[in-house]
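The sequence and structure are shown first.

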Protein chains: 2
Amino acid sequence: VPDAVVFSGGASGAWKVVRQVAVTGAPLPPVARIEKGGKAVTDAAWVLMGVTSNLRYTTAAEKRILDATPSVLGRPSATRGALIPITKSARWWGLPQDERRAILEEQSRHIAIGSAYLSKVSRQLVHCRDQAGARFDFLTWFEFAPADEPRFDELLAELRASPEWRFVEHEVEIRLDRGT
Amino acid sequence: VPDAVVFSGGASGAWKVVRQVAVTGAPLPPVARIEKGGKAVTDAAWVLMGVTSNLRYTTAAEKRILDATPSVLGRPSATRGALIPITKSARWWGLPQDERRAILEEQSRHIAIGSAYLSKVSRQLVHCRDQAGARFDFLTWFEFAPADEPRFDELLAELRASPEWRFVEHEVEIRLDRGT
């Protein structure tokens, strides 16, 4: 059974918002802090929720590479984070599976690019497209040490320059710090 | 945005329950009628809901075959129906995409088998695995004319005999009639 993952934006929460920008499409109302947990905090200004789920594109060979460097969340050194909610276009979702896979990996190297950064950038993919009324398809979550933030910037730049990102029609970036 | 599809089981609803059996795993509480719509009916004994979603395994070539015989719901002649909620095992969901695809189609011919029956058996696949708290992964829905019920029985028998079905750990079958 998938686990619920809930992001509550508001005045309270373990993560302080350092920067919040609409990369593509509408912004989210600005908040001071974000809490990540299994349920919403009661005084949240907004709540985004989804579930961890099964792999959608990853092959057995790629999974072996990913499993060799497990994404560990909550490392004490990883005091910086990012929450990046994303929605892809109706055209993307209307494509058959093999065409989406070809764009995501053979053309865009999404899995390979992410794998190269795994030891520095931990991440979690939260799915919400199949929840009735969801505003985003995915809530992507990242944690890294302050010294590795330039590596995270590179990772984002590589993915955003890829053919896959032409199908992204809504993207909000929220940079976070739990050090203070 | 995916459309919500809601099945309400209870005393009212357009579809009369002809037979309700637990094929694998726990039964659902027996009901007299089922209503299918965009939201729950107020006096329902139980409600199962999910969303229509994107294709998960179908290739472009297979999609062309499926699109040539669109699944039309609500045909006046299709007075028989079936609601079959299904849950697959944690082992299935832990497999990488290429291994699930190989079991589903190269080994089990799921898409090919379904395509062969499309002109007689209309169907709709409702996804609920990614909804927090869902009891089933899928709510599969079928409509056909009374004379074609033996064809539907064949379709079910073929799928249930396939390697894919070894991963089905919960399956309830509800046969329906809206003729009376």
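A:Arg109 is located in the loop that joins H3 and helix H4 (110–117) of chain A; helices (H or I, at least four residues) and strands (E, at least two) are DSSP runs, numbered from the N terminus. Although A:Arg109 is not a glycine, its phi is positive, at about 60 degrees. With 45% relative accessibility, A:Arg109 counts as partly exposed; buried means under 20% relative accessible area, exposed over 50% and partly exposed in between (1.4 Å probe, protein chains only). In chain B, B:Arg109 lies in the loop between helix H3 (97–107) and helix H4 (110–117). The phi of B:Arg109 is near 55 degrees, a positive value in a residue other than glycine, and B:Arg109 is partly exposed at a relative accessible area of 46%.

The model is predicted: local features need pLDDT of at least 70, side-chain atom pairs count only at pLDDT 80 or more, and totals for chains, interfaces and linings use all residues. Residues are numbered from 1 along each chain as its sequence is written, chains are lettered from A and ligands numbered from 1 in the order in which they are written, and side-chain values use heavy atoms, with hydrogens and water left out. Chain A has a mean pLDDT (the predictor's confidence in each residue, from 0 to 100) of 95, and 99% of its residues reach 70 or more. The scores of the model are ipTM 0.92 and pTM 0.94.

Within H4(B), the residues B:Ile111, B:Ile113, B:Gly114, B:Ser115 and B:Tyr117 are buried. The buried residues of H4(B) pack against helix H1 (60–68), H3, strand E6 (122–127) and helix H5 (149–160) of chain B, where contact means heavy atoms within 4.5 Å.

Over all chains, 29 salt bridges are found; a salt bridge is a side-chain nitrogen of Lys or Arg within 4 Å of a carboxyl oxygen of Asp or Glu. Examples are tabulated below.

| Salt bridge | Closest N to O |
|---|---|
| A:Arg101 and A:Glu62 | 2.8 Å |
| A:Glu173 and A:Arg160 | 2.8 Å |
| A:Asp130 and B:Arg56 | 2.6 Å |

A:Glu173 is buried, with a relative accessible area of 4%, whereas A:Arg160 is partly exposed at 28%. Salt bridges that share partners join both residues into one network, which also includes A:Arg19, A:Arg80 and A:Glu149. A:Arg151 and A:Glu154 both belong to helix H5 (residues 149–160) of chain A, three residues apart, about one turn of the helix. A:Arg101 and A:Glu62 are both buried.

The contact between the chains takes 24 residues from chain A and 24 residues from chain B. About 2,100 Å² is buried between chain A and chain B, 51% of it given by carbon and sulfur atoms; buried area is the accessible area (1.4 Å probe) that two parts lose on being put together, summed over both. Across this interface the rule finds two salt bridges. A:Gln131 is placed in the loop between strand E6 (122–127) and strand E7 (138–144) of chain A. At 13% relative accessibility A:Gln131 counts as buried, and, not counting residues up to four places away in sequence, A:Gln131 touches residues including A:Met49, B:Asp130 and B:Gln131.
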